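Here is a short tour of a protein model, written for someone new to reading structures.

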Amino acid sequence: MGDKEEDELKMAMRMSMQIEPPEPKRSKPMDNAADGSGGLVDYRRLQRELMAAAAEKRMMAAKKAAPVASARASSSRVDISIGVARKESLADELSLAKADQLFSMIFGDRVSNDVLAQWSNQGIRFSPDPETSMGLVQHEGGPCGVLATIQAFVLKNLLFSAEGVDKLSLNAPRNMDSRRLFKSECINIFASLTEDRKSRALVRSLGEILFLCGSNKRAVIASLSFPNCDIEGPQDGSKDEASCLEMMYYENRVIGKALEGLSLESGSELQKILRVTTYTSLDSSIQRLEAMIPVFQSRLGAMLFLISSLLSRGLDSVQADRDDPSQPLVTAPFGHASQEIVNLLLSGKAVANVFDGNMDLGGGMSVKGISSTVEIGFLTLLESLNYCKVGQNLKCPKWPIWVVGSESHYTVLFALDTSVQNENEFEMRETQIRRAFDAQDQSGGGGFISVEAFNQVLRETNVTLPSEKLDRLRGSGFIVWSEFWQVILDLDKHLGGLKDSTGLMGKKVFELYHFNGIAKSVANGNHGGEIPVQRPRLTKISVSVPPSWTPEDFMGGSSSSGKDDVVEVSKPEPTQHAPLVDCIRTRWPRAVCNWEGDSPSIV
């Protein structure tokens, strides 16, 4: 095929990734052609024409060069997870009882059509927009918990793997020992990503999550099977970019056609098309997932990955993890992913809580939290509202990446530099005291402990309190964290406190980035700002953590200490505010945040 046809095919395949996504979540209807969108309609028509013409030329040439595949019997089934047919015997069919159990665990006995539509129309696809090219796009409500967690692992593999450090930005200074990427604009780094690099990061992320769910012993991968579905594309043996793009287009088109009109409203309907395969090595599961990318890009991609995660953990183990296994994992009435789903993908266990370890409720009853440090962390707006307490295992993950939860949505917060996790003297002491206090807190994150437990905390942290302060804290019969912490801040170091006459201890300055995968309408600069496009948002946030201040300082009042010189240094800098800032402050108390443009959204 000539160079012109090759160029046309490459152009067509790239353009095909951008055409006509599903109706975006929480977005207003697009203006009609009379309002200026006629150019967009023409642009999409050109995309389809180029794609069809180039693909047709390539496929015709391939058919002439390759022998025609022998016809299969009409009763055969084909696993559509890869571009060549696989016999049904290579994958297992779920029993009807297990399929019913699986469906009931996810959606419950009664599920609305709206919720089913949300979970049946969300693929795992990267944004076509250069500024957010590393991001997975969400067009439907509901599966954001699954997408955000996958997104976080993708960022880990893009930023902090050996390949990420070496190849992501050739011009960015880097420190291989600390895995640091700094003095570089995040958007420019991500704009340089190739499709192949993103695809490898995605495949590895999916494999890592499934193996984590399988206790690092196995991954169960769910695929789809349909009767009379010939997905064998042109097999001319070519591995050039045009051939790969053409095959991807062919597979996406065939899978899309096979899924037309398909509805999954019961376990029996799921059982008819679902096939599962178990892998006991990460490498073999990654090879399988690489072949399955077109399936995960399809409208059932998010649901298939959730199913794969649950089966990797084991349905009985998932139910044993949960505090209340009678409730569906997808919450009614809006179809959001539950905390149990997010925790399963982050920690490998479908526990319902975000505190560290288990909490004894007495009478032989206990509730489960996060048992060990994780690679990807979690922060939530609900903690800033005092509805829960996120433990240190989720707040301080191995990598500086956090899934961020709001009342109705999940997004991702991350840093390019792992040093944001490093603790200075102030933070190390604060963490030590807070861990000891939380270990005695049986209130479910309420922030108070008994007098007896308080005595244990003092012993473990080597804190010696003057008798008048000790009596004041014990006076109510229980000790509140905020009151105890204010005493620590005013206690001399030789007594185990953190009194700081300079007002400078604990100062930190760093940058974070926030990604929201929901496709929202923004002006398209390439078209003069007249045609809105649907794309996610990536926001750079400058963070400064000033020295500690008292609650009176924070509210703009005066200090009761009378030490004007310390109060003047300790007052916080001017800050912009959004709900995301409240989430950041659960990780870095007193954080001052600033950004350019619109406020970062966590809904």
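The lining of the largest cavity has seven nonpolar, six polar and no charged residues. In this count Ala, Val, Leu, Ile, Met, Phe, Trp, Tyr, Cys and Pro are nonpolar, Asp, Glu, Lys and Arg are charged, and the others, Gly among them, are polar. Please keep in mind that this is a predicted model, where local features need pLDDT of at least 70, side-chain atom pairs count only at pLDDT 80 or more, and totals for chains, interfaces and linings use all residues. Residues are numbered from 1 along each chain as its sequence is written, and side-chain values use heavy atoms, with hydrogens and water left out.

**The largest cavity**

- The volume of the largest cavity is about 80 Å³.
- Of its 13 lining residues, Leu147, Ala148, Tyr410, Phe515 and Gly517 are the closest to the centre.
- A cavity here is a set of points, on a 1 Å grid over the protein atoms alone, where a 1.4 Å probe fits but cannot get out; lining residues have an atom within 4 Å of a point.
- Helix α5 gives the largest share of the lining, four residues.
- At least two lining residues each come from α5, β13 (410–414) and β16 (508–523).

**Helix α5**

- Helices (H or I, at least four residues) and strands (E, at least two) are DSSP runs, numbered from the N terminus.
- Helix α5 covers residues 144–159, and its end C-alpha atoms are 22 Å apart, which agrees with the 22 Å that its 16 residues should span at 1.5 Å a residue. The expected span is 1.5 Å times one less than the number of residues.
- In α5, 16 of 16 residues are buried, meaning under 20% relative accessible area (1.4 Å probe, protein chains only).

**Phe296**

- Phe296 sits in helix α12 (residues 293–297) and is buried, with a relative accessible area of 1%.
- Not counting residues up to four places away in sequence, Phe296 touches Gly123, Ile124, Leu206, Leu289, Gly301, Leu304 and Phe305; contact means heavy atoms within 4.5 Å.
- Phe296 and Ser223 are 73 residues apart in sequence, and their C-alpha atoms are 9.0 Å apart in space.

**The whole chain**

- The chain has 24 helices and 18 strands, and 51% of its 603 residues are buried.
- The average pLDDT (the predictor's confidence in each residue, from 0 to 100) is 77, and 66% of the residues score at least 70.
- Over residues 66–78 the pLDDT is below 50.
- Where pLDDT is low, the predicted coordinates should not be read in detail.

Conventions. Buried < 20%, exposed > 50% of the residue type's maximum accessible area, 1.4 Å probe, protein only. 1 Å grid on protein atoms, 1.4 Å probe; cavity = no way out; pocket = protein on both sides within 12 Å on 5 of 7 lines; lining within 4 Å. Points joined across faces, edges and corners; volume = space filled by probe spheres on them.
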